[in-house]
Amino acid sequence: MTKHKTGLSFEVFPPKKDEEFDNAYQIIQELGKLNPDFISCTYGAGGSRAGKTIEISSFIQNTLHIDSIAHITCVGFTREDLQRNCDALKDAGINHVLALRGDRPQTMSDEQFNNREFYYAADLVHYLKEHTDLQISGACYPEKHFEASSLEDDLRHLKEKVDAGVSSLISQMFFDNAYFYRFMDKAGALGINVPIHAGIMPITTAKQLGTTVSLSGSSVPKELADIIATYGEDKEDMRKAGIDYAVRQIRDLKEHCVDGIHIYSMNKIKTTTEICSMI
């Protein structure tokens, strides 16, 4: 019997300031030494850093020779914008994208938002399948997307996205593995059988709960809330406790033979390296 191998991947993001790019490339090189199956790269709402995403994704793909997945959002795009972006990806030697609706840009008026050309990520997937030869991954939400009326409703939309051409899924962060296992059972029952990578965000500062986590819609279990209450004021102890929590989450997921672990690295090489050394 072949032992199941759980994949490993990371998410990185382009720095907001151009002068921080040298350091970003150094971080990504260090992440590459951890032998991930792929590294994905985000960009801002409405594609505000799309060009930088392509630069970093190209570095991952063509210099480090690690599979690169460039995030691509459609909420603020016309078809012409999207095609230009796809052409730029192709020119840069990038052939894999994570298709997302994306957050509404702050500069987008209600009228623009309500009359946008792409309403859902599934619309983007349909366009990409018809007009490009890109490999397409998608996002999924173990606790449902915050706009969905129920998990079942969200899963029906997810099935549409997969049927449209998504070949793998990366999950939103979650902090209680029970939610992920419930999601996997329900997805499997609906016939969603592409690989699903479990998104893990190490919580190493109390501040993260008020920013990143609250935006994601992920619930915070009592054990994690207690860790923050106990260690939140002590920077180093909080960091150690957060890493320990993420490591325990990942070990349990590996024991349940999940397809992959996708670590939201937040460009923190020290934390990511420590986690990988423990798992």
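Student: Into which classes do the residues lining the second largest pocket divide?

Tutor: The lining of the second largest pocket comprises six nonpolar, four polar and four charged residues. By convention, Ala, Val, Leu, Ile, Met, Phe, Trp, Tyr, Cys and Pro count as nonpolar, Asp, Glu, Lys and Arg as charged, and the others, Gly among them, as polar. The model is a predicted one, in which local features need pLDDT of at least 70 and side-chain atom pairs count only at pLDDT 80 or more, whereas totals for chains, interfaces and linings use all residues. Residues are numbered from 1 along each chain as its sequence is written, and side-chain values use heavy atoms, with hydrogens and water left out.

Student: What makes this space a pocket rather than a cavity?

Tutor: On a 1 Å grid over the protein atoms alone, a cavity is a set of points where a 1.4 Å probe fits but cannot get out, whereas a pocket is an open set with protein on both sides within 12 Å along at least five of seven lines; a residue belongs to the lining if it has an atom within 4 Å of a point. The second largest pocket holds about 250 Å³ of space. Its lining has 14 residues, of which K5, T6, G7, K254 and I279 are the closest to the centre. The volume is the space filled by probe spheres set on the grid points, which are joined across faces, edges and corners.

Student: Which elements each supply at least two residues of that lining?

Tutor: They are β1 (7–12) and α10 (235–255). Both names come from DSSP runs numbered from the N terminus: helices are H or I runs of at least four residues, and strands are E runs of at least two.

Student: What makes the strands a closed barrel?

Tutor: Eight strands run in the order β1-β2-β3-β4-β5-β6-β7-β8, with parallel pairing, and the barrel is closed. From one strand to the next, the twist averages 30°. Two strands pair if DSSP finds at least two bridges between them. β1 and β8 are joined by five bridges, with S9 opposite H262. Four bridges link β1 with β2, where F10 has I39 as its partner. β2 (38–41) and β3 (67–73) also have four, and F38 is bridged to D67. β3 and β4 (96–100) have four, with I72 bridged to A99.

Student: Why is β1 described as largely enclosed by the rest of the structure?

Tutor: Six of the six residues of β1 are buried, so the description holds. Buried means under 20% relative accessible area, exposed means over 50%, and partly exposed lies in between (1.4 Å probe, protein chains only). In a regular strand the side chains alternate between the two faces of the sheet. In β1, G7, S9 and E11 are buried on one side, and L8, F10 and V12 are buried on the other. In β3, six of the seven residues are buried.

Student: Why is D123 classed as partly exposed?

Tutor: The relative accessible area of D123 is 30%, so the residue is partly exposed. D123 belongs to helix α5 (121–131). In this helix the buried residues are A121, A122, L124, V125, Y127 and L128. They pack against β3, α3 (79–91), β4, β5 and α6 (151–164), where contact means heavy atoms within 4.5 Å.

Student: What makes the phi of H65 and of C257 worth noting?

Tutor: Most residues other than glycine have a negative phi, and most peptide bonds are trans. H65 is not a glycine, yet its phi is positive, about 55°. C257, also not a glycine, has a positive phi of about 60°. H65 sits in the loop between α2 (50–63) and β3, and C257 in the loop between α10 and β8.

Student: Why do H65 and C257 receive their accessibility classes?

Tutor: H65 reaches 64% relative accessibility and therefore counts as exposed. C257 has a relative accessible area of 43%, so C257 is partly exposed.

Student: Where does E19 lie, and why is its class what it is?

Tutor: E19 lies in the loop between β1 and α1 (21–32). Its relative accessibility is 64%, so E19 counts as exposed. E19 and V220 are separated by 201 residues in sequence and by 35 Å in space, C-alpha to C-alpha.

Notes. Axes are lines fitted to C-alpha atoms, for helices over the stretch in contact, and angles run from 0 to 180 degrees between N-to-C directions.
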